[in-house]
Amino acid sequence: MTIVFYVAGAVATVSTALMITRLHAVHALLYLIVSLLAVSVVFYTLGAPFIAALEVIIYAGAIMVLFVFVVMLLNLGEQAARAERALLKPSMWTGPLILAAILMAEFVCLLTAGSSGRFGGAMIGPRGVGASLFGPYLIGVELASMLLLGGLVGAYHLGYRKTPKPEVG
Amino acid sequence: MEMVPIRDGFILAGALFALGLIGVLVRRNVIFILMSLEVMLNAAGLAFVVAGARWGQPDGQVVFLFILAMAAAEVSVGLALVLELYHQYQSLDTDAASRMKG
Amino acid sequence: MLELLWLVPAIPFAGALVLAVLGARMSHKSSTIMGVGTVAASAIISILIAAEFLSSPPATGMYTQTLWTWIDVGSFHPQIAFYLDALSLVMMLVVTFVSFLIHLYSAEFMRTDEGYSRFFAYMNLFVACMVTLLLADNLLLLYLGWEGVGLCSYLLIGFWYQDPVNGRAGRKAFIVTRVGDTALAIGLFLLFHSLGTLRIQDLLHEAQVQWSTGSAYAIAATALLLGGAVGKSAQLPLQTWLPDAMAGPTPTSALIHAATMVTAGVYLIARTHVLFELAPPVQFAVAAIGAATLLMAGFSALTQNDIKRVLAYSTVSQIGYMFLALGVGAWGAAIFHFMTHAFFKALLFLAAGIIIESLHHEHNIFHMGGLRKELPIAFWTFVIAGCSLAGLPLITAGYYSKDLILWSASISAAGSTALWAAGIAGVVLTSLYTFRLIFLVFFGPVRTPVSGRPGLAMTIPVCVLAVLSIVAGFDKAPFARFIATALPTLTEAVGGIAETLSSIVAALAFLCGLLGAWFVYQRNPTLATAMVENLAGRALHRFWFSDWGMDWLYDRLFVRPVVWIARVNKADVVDSIYVGLANLATFCYRVLSLTETGKLRWYAAWIASGTVAFVAIVMFL
């Protein structure tokens with residue numbers, strides 16, 4: 001199981017790294033989907049099968065599809081790819097790389113200093129999660145539903161465009 | 001099932017987060033920025049699940065669920081805004097939308 | 001009757017308030033009744049009080065009326081209280097009576113002026129403040145009156161404010177007297193700090209107990225009081241404001257700058273005579289200042305061509321005589337001279353006012369002439385007053401008072417023959433410039449025609465004052481006896497000049513001046529112009545004309561540096577701290593607004609680095 005964890009982790013990291021360096025939007029999207037799938041496998045090894053399924057269904061299945069729809073709608077073609085190449089000069093990477101490196105270093109420092117535990121290994125399936133959701137985290141569920149309603153209304157309003165009147169005659 | 005040290009889980013989450021951060025800071029195309037933002041959110045959720053698995057409780061998974069819901073709402077609104085931005089400026093370059101300068 | 005004492009300052013004060021608030025809406029007649037009536041009431045009450053005081057004097061020779069406690073802080077509780085003894089009674093009587101005559105005169109003199117009620121408001125306020133000053137029981141109330149008369153003087157000098165020259169003259173008077181007032185205030189602080197009280201009688205008693213003769217405290221306090229007196233009484237070195245103060249209306253010049261306000265310094269020194277006796281060097285300084293001033297002003301008066309300026313310098317000179325008397329310890333003589341001077345100087349100014357008004361505001365004496373026949377009342381009253389001023393022997397009041405001063409200067413323990421000689425020289429000068437004035441204005445050909453004669457309201461006061469200028473001197477002995485109940489008598493030294501000899505020399509000096517003036521101005525008029533034609537003559541003339549160059553000196557010494565500093569400091573060094581703070585804030589704002597580039601990635605980068613920094617801080621600290 002541990003091997004699966006490490007392999008999936010490596011796949012996720014590499015795929016994400018590739019994603020952020022692509023010029024084509026669709027290529028990047030595909031790499032992102034691969035990364036999400038790898039993370040889903042990681043979830044399974046952690047003993048969270050329900051979440052692993054949800055990751056695939058909702059994240060890779062709905063959100064990424066939304067992205068694909070928008071990219072198609074915007075019709076970003078070869079022209080956009082060339083523009084991206086022009087924008088992505090190597091000098092632009094230095095600052096963010098340094099920042100991220102410092103962040104990672106801090107992170108690793110913190111982790112090595114703290115106590116290390118191990119995964120419990122027990123599987124917590126949908127039943128356990130469901131009982132928790134309808135129990136202590138009930139309010140969170142309600143709030144999340146309100147958030148989704150807000151998102152729905154907002155997206156609808158922002159996307160609304162008046163259709164031009166049909167000509168008479 | 002063998003045990004995996006929790007440290008490695010967190011390092012994985014951290015690495016994904018850092019990569020997402022790099023993507024947000026480097027890319028100028030709005031779509032790419034949003035995608036990198038999703039990566040960051042996903043990494044944060046991964047950290048939660050790892051923590052939950054360490055203690056053997058479903059709380060980590062529950063929080064990941066909420067993060068998922070939030071990400072969905074955010075993406076829908078964000079992409080609607082991206083469409084609006086494209087409609088106004090005819091480009092997806094975030095540096096073009098700098099009228100708040102000064 | 002003595003309980004009505006508080007009404008003497010209160011009635012004019014009320015009058016001033018009514019005229020100030022309602023004056024614009026009052027009719028001309030009611031303004032007149034208000035303005036003149038209040039001072040008339042004040043004069044009548046003071047006469048009644050004087051009658052009672054003289055007929056049945058209080059046991060201790062003084063009467064105090066306390067109204068209320070003004071300030072009550074710790075050990076400091078000055079009261080609004082009035083103190084009546086021989087000194088304040090004499091001065092109050094003279095001030096209110098002369099004020100009444102001058103107010104009556106101004107009812108006609110100022111009748112065409114549009115600031116009529118304003119004028120009477122100021123004059124009434126002045127009378128109220130002056131009487132407060134004279135009757136004050138403690139030095140703080142005296143200082144209140146002192147400042148009040150200074151204010152009224154400023155307001156009245158600049159009465160015709162549309163002309164900026166008058167405003168400048170008012171400002172000059174105020175600023176110069178301010179220098180003296182500051183010295184006086186510091187003197188009051190010193191006195192209170194050292195002696196613990198400002199009530200005059202207590203103060204004098206404490207000073208005698210605590211201070212030895214010639215102690216540093218006494219010298220410092222009296223020097224500061226002298227500074228104040230010098231400012232208000234226009235003596236050396238603060239006499240430069242009085243000639244310019246003639247820019248005010250003639251009744252103002254008569255009342256304030258001749259008869260009353262300028263004698264406030266004399267009153268102050270006489271009132272605190274105990275302190276001055278404890279500081280012989282300062283008392284000698286008083287005499288020296290008096291002697292120097294009377295000579296300097298005499299020379300300056302000799303060259304003036306504005307009739308009012310001649311009289312102004314004459315006032316400075318005569319007050320120098322009073323200072324001389326105070327300096328040698330002849331306290332009563334100084335007050336006697338004050339009384340006679342008030343009469344004849346006010347009369348001189350009022351008569352000059354008649355002349356000026358009749359000649360359509362002509363002030364230059366070289367444009368006047370031959371008014372002997374045209375304005376007979378003015379002529380006779382002016383001549384009587386002029387003779388009193390110069391000291392015509394035996395029949396004028398001025399002769400008696402001036403003679404007393406001269407003789408006291410010679411025989412007093414604190415006096416000397418040098419001071420007597422200075423006084424005699426002053427008599428020559430006084431006589432010279434007075435008769436120069438009379439000959440130029442009233443004799444010779446008519447150069448400016450006369451239009452209009454004075455009415456009754458102007459004639460009565462001058463006649464009354466003329467009579468007083470003659471008879472006021474006859475009560476020399478009773479006066480001396482009366483004033484001795486409040487002020488000490490002269491301590492005589494051995495030697496000195498006999499009284500009759502001094503009188504004869506003084507009379508001769510008077511004749512010298514008269515003959516000199518007649519010779520130069522009447523007999524050969526061209527001699528006057530010839531005298532100033534040569535180089536030395538012209539230089540001397542210009543020097544004396546400009547008041548011995550003191551205006552020029554003060555301008556160079558004080559006015560220009562202060563104006564220069566003000567101009568240099570236009571941006572205000574002190575203010576630059578606050579302006580600097582504002583500029584710093586603006587600078588920070590400009591720097592920080594550079595971070596608002598409007599670019600999304602820029603903001604995201606800042607957020608990210610901020611987060612990293614915080615994590616680092618949390619980790620390592």
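**Entry: conventions.** I note that this is a predicted model, in which local features need pLDDT of at least 70 and side-chain atom pairs count only at pLDDT 80 or more, while totals for chains, interfaces and linings use all residues. Residues are numbered from 1 along each chain as its sequence is written, and chains are lettered from A and ligands numbered from 1 in the order in which they are written.

**Entry: loops of chain C.** I located H361(C) in the loop between α15 (331-358) and α16 (371-374) of chain C. Helices (H or I, at least four residues) and strands (E, at least two) are DSSP runs, numbered from the N terminus. The phi of H361(C) is positive, near 60 degrees, in a residue other than glycine.

I then turned to L394(C), which sits in the loop between α17 (376-390) and α18 (397-411) of chain C. L394(C) is not a glycine, yet its phi is positive at about 75 degrees. L394(C) counts as exposed because it has 11 C-beta neighbours inside 10 Å.

In the loop between α8 (216-232) and α9 (241-244) of chain C I found P237(C). The peptide bond joining L236(C) and P237(C) is cis, with omega about -10 degrees.

**Entry: chain C as a whole.** I recorded 27 helices and 2 strands in chain C. Along the principal axes, its C-alpha atoms fill a box of roughly 110 × 60 × 55 Å. Of the 621 residues in chain C, 52% are buried. Two residues are in contact if their C-beta atoms, placed from the backbone, lie within 7 Å. Among contacts in chain C between residues at least 6 apart in sequence, 81% join residues at least 24 apart.

**Entry: nonpolar cores.** A nonpolar core is a set of buried Ala, Val, Leu, Ile, Met, Phe, Trp, Tyr and Cys residues joined through C-beta atoms within 7 Å. The largest has 210 residues, and among those with the most contacts inside it are L324(C) and A334(C). I noted that α15(C) gives the most to this core, with 19 residues. Leaving out residues up to four places away in sequence, A334(C) touches V266(C), A270(C), M322(C), A325(C) and L326(C).

**Entry: chain B and its partners.** I found 59 residues of chain B in contact with 70 residues of chain A. On the chain B side, the elements giving two or more residues are α1 (6-26), α2 (30-55) and α3 (59-89). The largest share, 22 residues, comes from α3(B). That side divides into 43 nonpolar, 8 polar and 8 charged residues. Here Ala, Val, Leu, Ile, Met, Phe, Trp, Tyr, Cys and Pro count as nonpolar, Asp, Glu, Lys and Arg as charged, and the others, Gly among them, as polar.

The contact between chain B and chain C takes 11 residues from chain B and 10 residues from chain C. The chain B side of it divides into 4 nonpolar, 3 polar and 4 charged residues.

I also checked α3(B): its 31 residues reach 44 Å from first C-alpha to last, close to the expected 45 Å. The expected span is 1.5 Å times one less than the number of residues. Just after α3(B), Q90(B) takes a positive phi of about 60 degrees.

Technical notes: Buried ≥ 20, exposed ≤ 12 C-beta atoms within 10 Å, placed from the backbone.
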